[in-house]
Amino acid sequence: ETKKRESDRAAIARLAAREAALELDARRAEQVRQRIRALAEKERGEIRVEEQTKLDAAAAAAAAAAAAAAELAEATRKHKAELERRALEHQFVLDEREMERACAVAAEAGGRNA
C-alpha cells in the first residue's frame, strides 16, 4: 500500500514536472510568436515606408514632367505668336510694296495719258 502511494506520488510529481515543462514550452513558443509578429509588423512598416517613398518620388517626377510640359506649351505659344506677328509684318511690307508698285504703274500710265 505504501509502495503504491509512493509510486502514485512519483507519477504525480513526474506529471506535474511534465506539465510545468509544457507550460514553459508554451510560454516560450508564445514569446517566439510575438517576436515573429513584431518583426513582421516592423517589416510591413518598412515596406510601407519604402512604397510611400517610391510613390512620393513618382508623384514628384510626374509634377516635374507636368511643369516641364506646361513650360514647353507656354514657350510654344509664345513662339507661335511671334511667328504670327512676323508673318503679319512681312505681309504688311509686301502689301506696302505692292501699293507702291501700283501707284508707280498708275503714275506712269497717267503720265503717258497726259
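A salt bridge here is a side-chain nitrogen of Lys or Arg within 4 Å of a carboxyl oxygen of Asp or Glu. The structure, a predicted model, holds 10 of these salt bridges.

View 1. The protein chain has 1 helix and 0 strands. Its radius of gyration is 48 Å, well over the 13 Å that the globule rule gives for 114 residues, so the chain is more spread out than a compact globule. Along its principal axes, the C-alpha trace spans about 165 × 15 × 5 Å. Buried residues come to 0% of the 114.

**View 2. Asp8 meets Lys4.** These two form a salt bridge, with their closest N and O atoms 3.6 Å apart. Asp8 and Lys4 sit 4 residues apart in helix H1, or about one helical turn. Asp8 is partly exposed at 35% relative accessibility, while Lys4 counts as exposed at 53%.

**View 3. Glu30 pairs with Arg33.** Here the closest N and O atoms of the salt bridge are 3.1 Å apart. Glu30 is partly exposed, at 28%, and so is Arg33, at 41%.

View 4. Glu89 and Arg85 form a salt bridge, their closest N and O atoms being 2.2 Å apart. A network of salt bridges links Glu82, Arg85, Arg86 and Glu89. Glu89 is partly exposed, with a relative accessible area of 43%; Arg85 is partly exposed too, at 37%.

View 5. Glu96 lies in helix H1 and is partly exposed, at 40%. Its C-alpha atom is 74 Å from that of Glu46, 50 residues away along the chain.

Technical notes
Residues are numbered from 1 along each chain as its sequence is written. This is a predicted model: local features need pLDDT of at least 70, side-chain atom pairs count only at pLDDT 80 or more; totals for chains, interfaces and linings use all residues. Side-chain values use heavy atoms; hydrogens and water are left out. Helices (H or I, at least four residues) and strands (E, at least two) are DSSP runs, numbered from the N terminus. The radius of gyration is taken over C-alpha atoms; the globule rule is 2.2 Å times the number of residues to the power 0.38. Buried means under 20% relative accessible area, exposed over 50%, partly exposed in between (1.4 Å probe, protein chains only).
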